[in-house]
Amino acid sequence: MAKDVIIACDFAGRQQTLDFLDAFEGRRKPFLKIGMELYYAEGPDIVRELKRRGHPIFLDLKLHDIPNTVKKAMRVLSSLDVDMCNVHAAGTVEMMRAALEGLTREDGSRPLLIAVTQLTSTSEERMQRELLIGAGIDETIVKYAQNAKEAGLDGVVCSPLEAAMVKDACGPDFLAITPGIRFAESARDSGASGKTCFPGVQDDQVRITTPARARQIGSDYIVVGRPVTAAPDPVAAYGRCLKEFLNQ
Ligand code: C5P
């Protein structure tokens, strides 16, 4: 099964993104994640441009709407020729099935479709008090992952620390896409300790681990943002992720 490192391109616009990618010219073309900020700023053109430059694309728009609307939106994303996209599992099995139908091209091919279970920013306490979900957060994540599998999706986004739990419940081929990645030395100074590992920026990730540990736990794709994008040498930081995660 393909394993890879995905760089989260959390940039405000096209120029910043291209400036960042210039350093990778003539090297391995990284798999890139385009999120809401960049997509809403630049629209589908930024996806086409990065695809043209040879990058595989994870379009992270987290769709959640009525099944018919999601199906039609997915049809549009499929024509953009992205490699991976996602929905919220909270939209129900019916919505996820509709998403898959919209995404599937006439020749039967389609991008990978991944579900968000519970956002890693949602605590168990808030989930129970505000969303009135009485189950525990782990149980909820496993159930949402099972719903995604039942709908025919390829995997879920989860914390690397949850990857083993998801694999146990849904099988080894069900993909675990995991953000929350930090290098060992910065992991000690970030997250729960409240210190910052990026110059001038408080780290907001709490449930974190290293690329090597993520591989051991069972992640299929790690999503890495600031440890690469804010590094003094992003190409070297990306190379280190590949080395640790893919054992290359
Ligand atoms: O900079 P950092 O490595 O924390 O970036 C992680 C990326 O993964 C960001 O684009 C963030 O939006 C995304 N993400 C996440 N947690 C989730 C889903 C997506 O951190 N549960």
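I count two strands as paired if DSSP finds at least two bridges between them. That was my working rule for today's look at this predicted model.

**Entry 1**

I then looked up who faces whom. Ile177 has Tyr221 as its bridge partner in β8, and Thr178 stands opposite Ile222.

**Entry 2: the other side of β8**

Next I checked β1, residues 4–8, against β8. They pair in the parallel sense as well, over four bridges. Here Ile6 has Val223 as its bridge partner, while Ile7 stands opposite Val224.

Which way do the β8 side chains point? I found Tyr221 and Val223 pointing one way from the strand and Ile222 and Val224 the other way. All four are buried.

**Entry 3: β1**

I stayed on β1 to see how covered it is. Five of its five residues are buried. On one side I noted Asp4, Ile6 and Ala8, and on the other Val5 and Ile7, so with under 20% relative accessible area counting as buried, both faces are covered. β1 also runs parallel to β2, joined to it by three bridges. Ile7 turns up again there, with Leu32 as its bridge partner in β2.

**Entry 4: the whole sheet**

How many strands close into the barrel, and in what order? I get eight, running β1-β2-β3-β4-β5-β6-β7-β8, with parallel pairing. From one strand to the next the twist averages 25°. I also looked at what α12 does here: this helix packs on the sheet and touches β1 and β8. Its direction makes about 145° with that of β1.

**Entry 5: aromatic rings**

I searched the whole structure for aromatic pairs and got five. I wrote down two of the pairs in detail. For Phe11 and Phe20 the ring centres are 5.1 Å apart and the planes sit at 45°, so I logged that pair as tilted. Both residues are buried.

For Phe24 and Tyr238 the centres are 5.7 Å apart and the planes are at 75°, so this pair is edge-to-face. Phe24 is in the loop between α1 (14–22) and β2 (31–34), whereas Tyr238 is in helix α12 (residues 234–246), so the contact ties together parts that are 214 residues apart in sequence. Phe24 and Tyr238 are buried too. I also noted that Phe11, Phe20, Phe24 and Tyr238 form one aromatic cluster.

While on rings, I looked up Phe183. Arg240 lies over its face, at 4.2 Å from the ring centre.

**Entry 6: cysteines**

How many disulfides does a search of the whole structure find? I got zero. The cut-off I used is within 2.5 Å.

Are Cys85 and Cys241 buried or exposed? Cys85 has 0% relative accessibility, so I count it as buried. Cys241 is also at 0%, so Cys241 goes down as buried.

Key: Residues numbered from 1 in each chain as written. Predicted model: local features only at pLDDT ≥ 70, side-chain atom pairs only at ≥ 80, totals over all residues. Heavy atoms only, no water. Buried < 20%, exposed > 50% of the residue type's maximum accessible area, 1.4 Å probe, protein only. Helix = DSSP H or I, 4+ residues; strand = E, 2+ residues; numbered from the N terminus. Phe/Tyr/Trp six-rings, centres within 6.5 Å; stacked < 30°, edge-to-face > 60°. Lys NZ or Arg CZ within 6 Å of the ring centre and 35° of its normal. Axes fitted to C-alpha atoms, helices over the stretch in contact; angles between N-to-C directions. Contact = heavy atoms within 4.5 Å.
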